[in-house]
Amino acid sequence: YQRRVREPTSTTTNVDCLSFLCWLTCSRGTHNRCTYTHTHTYKYTHLVYIRMASDLDRQIAILRRCELPSEAEVKSLCSKAREILIEESNVQRVDSPVTICGDIHGQYYDLVELFKVGGECPSKNYLFLGDFVDRGYYSVETFLLLLALKVRYPDRITLIRGNHESRQITQVYGFYEECLRKFGSVNVWRYCTEIFDYLSLSALVDDRVFCVHGGLSPAISTLDQIRTIDRKQEVPHDGSMCDLLWSDPEDIDGWGLSLRGAGYLFGGDVVAQFNQTNDIELICRAHQLVMDGYKFMFDDSLVTVWSAPNYCYRCGNVAAILELDEQLNRNFKVFEAAPQEARGVPTKRVAPQYFL
């Protein structure tokens with residue numbers, strides 16, 4: 001402790017100092033130990049929490065400048081995130097009011113624009129429907145910022161899994177190559193893809209609005225069936241977990257085969273039955289490019305929300321977010337891509353074409 005006071009640049013931390021002082025105080029005698037242990041343990045735990053929050057605030061500030069933390073910091077962040085995400089349900093309960101966001105796809109500066117339009121976290125509650133990475137130039141910064149916000153404000157932001165939160169998909173559409181280029185190794189990609197396995201598969205807002213990245217599955221008729229899925233794995237090629245992340249609504253009756261090669265097409269009758277069975281008012285999903293930012297289908301019983309404006313920097317679409325208030329009243333906020341002078345466009349290898 002004295003060395004810390006004399007030498008402010010010492011590697012001894014404040015937590016180390018407090019731990020030593022607790023030991024010194026409590027070891028004066030057995031009568032003192034019983035008196036002081038609880039108080040000093042509380043102070044120690046509180047200081048550790050403050051220090052962790054301070055580290056997270058610093059990392060968030062770095063990421064808000066579109067700069068990268070160190071590989072060691074990414075590893076630590078992912079470890080903390082895993083502790084939080086492992087406790088969440090496959091159908092994560094979310095309370096209103098909340099702002100629901102669709103695909104981001106590594107378009108970092110458009111995510112910044114989204115927060116300008118919708119309000120900053122933690123002043124606003126957010127629910128992101130997956131596909132944080134791939135295609136855009138800044139998948140690493142985008143996902144790490146959202147993950148850091150999740151760890152810092154776990155009750156203010158919910159992240160669920162999209163079909164691109166996958167080891168196989170990210171090796172093809174950009175995230176793997178970006179991690180390798182920016183960090184010089186695949187370690188950060190490994191840390192992030194391990195976290196993908198812990199992301200919830202869906203969310204339920206006030207027991208009335210079911211939120212999922214892709215859509216429904218012929219193997220699932222109730223929310224309880226989703227709750228029983230073992231989600232801590234790579235996205236399978238088929239089955240109910242795959243369907244939730246890959247399926248799309250279509251103007252058909254019943255079920256159809258999807259041209260994506262995974263998941264299914266499902267019609268309005270399927271949505272009506274699912275909503276009635278589970279007492280749901282609305283299915284909110286992402287996964288498909290919508291030129292106007294959002295699109296209702298099936299008598300407003302399902303809505304697609306898309307939050308990546310000018311997708312792939314060339315599609316010319318606008319983006320939207322959906323605000324639900326305490327009565328679940330809906331308010332869409334539409335926004336355009338961040339102005340060119342506010343963004344950077346690094347050189348990158350063009351990813352293979354795939355369903356936009």
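Which residues of H12 are buried? In this predicted model, they are Gly268, Val270, Val271, Phe274 and Asn275. The elements they pack against are S6, helix H10 (223–227), strand S8 (255–257), strand S9 (264–266), S10 and strand S12 (302–305).

After H12 comes Asp279. Asp279 is in the loop between H12 and S10. Its phi is positive, about 55°, although Asp279 is not a glycine. The relative accessibility of Asp279 is 48%, so it counts as partly exposed; the cut-off for exposed is over 50%.

Asp279 also takes part in a salt bridge, and its partner is Arg208. The closest N and O atoms of the two are 3.0 Å apart. This pair links distant parts of the chain, since Arg208 lies in the loop between S5 and strand S6 (209–212), 71 residues from Asp279. Arg208 is partly exposed, because its relative accessibility is 24% and buried means under 20%. Another group of charged residues is joined in one network: Arg93, Asp95, Asp206 and Asp207 are connected by salt bridges that share partners. Asp206 is found in the loop between S5 and S6. Asp206 has a positive phi, near 50°, and is a residue other than glycine.

How many salt bridges does a search of the whole structure find? The search finds 21. One of them is formed by Asp197 and Arg167, with the closest N and O atoms 2.7 Å apart. Here too the pair links distant parts of the chain, 30 residues apart: Asp197 is in the loop between H9 and strand S5 (202–205), and Arg167 is in helix H7 (residues 167–170). Asp197 has 9% relative accessibility and so counts as buried, whereas Arg167, at 23%, counts as partly exposed.

A further salt bridge lies within a single helix. The side chains of Arg181 and Glu177 meet at 2.8 Å, N to O. Both residues belong to helix H8 (residues 175–183), where they are four residues apart, about one turn of the helix. An α-helix has 3.6 residues a turn, so residues three or four places apart point the same way. Arg181 is partly exposed at 36% relative accessibility, and Glu177 is partly exposed at 22%.

The next step is from one helix to a pair. Two packed helices are described by the angle between their axes and the distance between the axes. For helix H4 (residues 71–85) and helix H9 (residues 187–196), the angle is about 10° and the axes are 9 Å apart. H4 is therefore roughly parallel to H9, as angles under 35 degrees count as roughly parallel. H4 contributes Glu71, Val74, Lys75, Cys78, Ala81, Arg82 and Leu85 to the contact, and H9 contributes Asn187, Val188, Tyr191, Cys192 and Ile195. Sorted by class, the contact has eight nonpolar, one polar and three charged residues.

Ser96 and Pro97 are joined by a cis peptide bond, with omega near 0°. Pro97 sits in the loop between strand S1 (91–94) and strand S2 (98–101). The bond from Cys121 to Pro122 is cis as well, and its omega is about 20°. Pro122 is in the loop between helix H5 (108–118) and strand S3 (126–128).

Definitions and conventions. Residues numbered from 1 in each chain as written. Predicted model: local features only at pLDDT ≥ 70, side-chain atom pairs only at ≥ 80, totals over all residues. Heavy atoms only, no water. Axes fitted to C-alpha atoms, helices over the stretch in contact; angles between N-to-C directions. Helix = DSSP H or I, 4+ residues; strand = E, 2+ residues; numbered from the N terminus. Parallel < 35°, antiparallel > 145°, perpendicular 65-115°, else oblique. Contact = heavy atoms within 4.5 Å. Nonpolar A, V, L, I, M, F, W, Y, C, P; charged D, E, K, R; others polar. Salt bridge = Lys/Arg side-chain N within 4 Å of Asp/Glu carboxyl O. Buried < 20%, exposed > 50% of the residue type's maximum accessible area, 1.4 Å probe, protein only.
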